[in-house]
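Please look over the sequence and the structure shown here before reading the notes that follow.

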Amino acid sequence: MPRFVAEESFWGLFPDSAIGVAVVRGMKTADEVSVDAAASIARLLDDANEAAKGHLESDVVSENRVVAVWREAYRRFKTKKGARCSIENLIKRVSKGNPVGSISPSVDIYNAISLTYAFPVGGEDLDSFVGDVRLGLTEGGDAFRALGEDADDPTLPGELCYRDEAGAICRCWNWRDGVRTALSDESRNAFLVIECVDPERIDDLERALDELVGLVERHLGGVVFAKRIITADNPEMPLA
């Protein structure tokens, strides 16, 4: 039975962190989403772009707490030059008056949750995984091609990443998704993740995960197979 496992090397770096994970099956493909549902998702994303402004206490993006905690986190492991946490990239766009736009129904939903709660949120196509999915430090050389790129870019030694038996899934923890595993308009089964490194925001993490799966159920018709908050005391869950 395939599992998601957060490895000891991860907890050695982030013992007080928590990861909200949900496995959702039977989602509608993009062309199966109703006009009303698509309109609701569009409004959701618009509202989330507006809500994200509430997390901006400083005009300097890196000085905002929801970004600063991730800047500190990224100093603890090897990263590709210029890599930044996904939530920093979204918050920066909002701060510059460049709202996050539509990509696909499933991605729009998880981006809306990310913006609203100021957490990194991601999703992968569950059917693309090979064996267990693990989050931990890599020895380097894991196969990877980032979305939008034409060349392979393997992981670095000491880099923190999600990976399976075929290679990396998301590099530098939550920086870049790969072509092989990314959610697409045709994806029906999803692996959804929300990450938290601020122990004072665990309650927010739980609310964000509940809202995420609720929206996927409501708008995409997905059925939740498993949902769990992963911690050092509870570091794994089944995927099937």
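## Basis of the model

This is a predicted model, in which local features need pLDDT of at least 70 and side-chain atom pairs count only at pLDDT 80 or more, while totals for chains, interfaces and linings use all residues. Residues are numbered from 1 along each chain as its sequence is written, and side-chain values use heavy atoms, with hydrogens and water left out.

## The nonpolar core

The largest nonpolar core has 75 residues, a core being a set of buried Ala, Val, Leu, Ile, Met, Phe, Trp, Tyr and Cys residues joined through side-chain atoms within 4.5 Å, where buried means under 20% relative accessible area with a 1.4 Å probe and protein chains only. The residues with the most contacts inside this core are F4, Y162 and W173. Helix α6 (residues 202-220) gives the most to the core, with eight residues; helices are DSSP runs of H or I with at least four residues, and strands are runs of E with at least two, both numbered from the N terminus.

Leaving aside residues up to four places away in sequence, Y162 touches, among others, F4, I19, V133 and W173, contact meaning heavy atoms within 4.5 Å.

The buried residues of α4 are S86, I87, E88, L90, I91 and V94, and what covers them includes α2 (35-52), α3 (65-74), α5 and the strand β3 (121-125). Just after α4, G97 takes a positive phi of about 75°.

Terms used. Buried means under 20% relative accessible area, exposed over 50%, partly exposed in between (1.4 Å probe, protein chains only).
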